[in-house]
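User: I am new to this structure and would like to learn how to read some of its features. Please guide me through them.

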Amino acid sequence: MKKQLLKIGSYILVAALSTFLTLSFTPGGGKLTELELLIEERFIGDAETKVLEDAAADAMVKATGDRWSYYMSAEEYESYLDQVDNSYVGIGVTIQLEEEEGYRILEVVSTGPAEEAGIQVGDLLFEVEGQDVREMDVSAVRSLVTGKAGTYVKLRILRKGEALSFSVERRKVETPVAAGEMLEKNVGLITIENFDSRCAEESIAAIEALLEQGAKALVFDVRNNPGGYADELVKLLDYLLPEGDLFRTVRYDGKEHTDTSDKNFLDIPMAVLVNKDSYSAAEFFAAALKEYEAAVIIGEPTVGKGYFQTTYPLSDGSAVALSIGKYYTPKGVNLSEAGGLTPDVRIDLDEETHAALYYNILPREEDPHIRAALEKLS
């Protein structure tokens, strides 16, 4: 159903009829317009038009019953654009609260503003713009640190008991999408955060760097990967797989498209790690490698997302991501209809291990999925 939530464009005609008033609405305005006018004119409390429209739009999309379609307010859409671009305006650090001591700097983006200013991993952030942040939640600290590109933020940190002051420029920071590291037994590990901008480029660069270091087998980690762009997925699969079909889509209007791979491929033992939070392109990536018998799949069953969305910006800066078609694996499987991807080697994680994996604090030697992959590939 294609409907549009219209901004109020009709006139309110007020007429005295007997002892009460009625509202006359422009014909064709629709029930939502009528209701919005009624609330604005008669509701005794305060109601902001923007809040009403955001709530109505969100409810309308949810009423489709499709769990994958969603509405974004103007503010949410702006953040979404940064997310899919794998970038944000900030200083380039990852922080974690350490009880009442402050926020520990866990990661500093290479060549980012914080690194250039002299911030180091292990520093303890306790003050931002003159405000003590030790009792603030992380969202409040983030709002203090972030701001417009080109402006500066004043930070106070503790380093080995010494208080230091920094003025750090806020600017666009690109977040790494894929990273490689060498494990034992000449096995390379490529962790892919998502399939948004730069995924294929960074993944292929990580693969080739590991091959130069002597990797004889590869493990791809797409656990907690939310998916992303189909073209990034196809580029990576084309690099890995031999000639054949890769990705078929069927749109709402019946139009079909199939992406294919060329003859060049990577002939090396591979494994893919998945979990219950591997979505969309992430689970499709594993499914395609499995169907070509190019990799063994290890981990937990995936959720099964076989619909793709297109994001449509709306006139007020908001947007809707709407499911407009289905996609199919090389062998014609729709993951929604199949109920997700079942691993070749199933290992379910308990809540504690899953949380450690999510927060990136699970040591490689204690990771059940990585241990199983090393065993399989050896």
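User: In which loop is glutamate 293 found?

Analyst: Glutamate 293 is found in the loop between helix 8 (281-291) and strand 18 (295-299). Helices (H or I, at least four residues) and strands (E, at least two) are DSSP runs, numbered from the N terminus. Residues are numbered from 1 along each chain as its sequence is written, and side-chain values use heavy atoms, leaving out hydrogens and water. The model is predicted: local features need pLDDT of at least 70 and side-chain atom pairs count only at pLDDT 80 or more, while totals for chains, interfaces and linings use all residues.

User: Is glutamate 293 buried or exposed?

Analyst: Buried means under 20% relative accessible area, exposed over 50%, and partly exposed in between (1.4 Å probe, protein chains only). Glutamate 293 has a relative accessible area of 73%, so this residue is exposed.

User: What is the phi of glutamate 293, and what is that of threonine 111?

Analyst: Most residues other than glycine have a negative phi. Glutamate 293, however, has a positive phi near 55°. Threonine 111, which is not a glycine either, has a positive phi of about 65°. Threonine 111 sits in the loop between strand 6 (102-108) and helix 4 (113-117), and its relative accessible area of 56% makes it exposed.

User: How do helix 6 and helix 7 lie relative to each other, parallel or antiparallel?

Analyst: Two packed helices are described by the angle between their axes and the distance between the axes. Here the axes of helix 6 (residues 199-212) and helix 7 (residues 230-240) come within 8 Å and cross at roughly 25°. Axes are lines fitted to C-alpha atoms, for helices over the stretch in contact, with angles from 0 to 180 degrees between N-to-C directions. Angles under 35 degrees count as roughly parallel, over 145 as roughly antiparallel, 65 to 115 as roughly perpendicular and the rest as oblique. Helix 6 and helix 7 are therefore roughly parallel to each other.

User: Which residues meet between helix 6 and helix 7?

Analyst: Contact means heavy atoms within 4.5 Å. The residues that meet include Ile204 and Ile207 in helix 6, and Leu236 and Tyr239 in helix 7.

User: Where does tyrosine 229 lie, and which residues does it touch?

Analyst: Tyrosine 229 lies in the loop between strand 14 (217-221) and helix 7. Leaving aside residues up to four places away in sequence, tyrosine 229 touches Val84, Phe195, Asp196 and Ser197. With a relative accessible area of 32%, tyrosine 229 is partly exposed.
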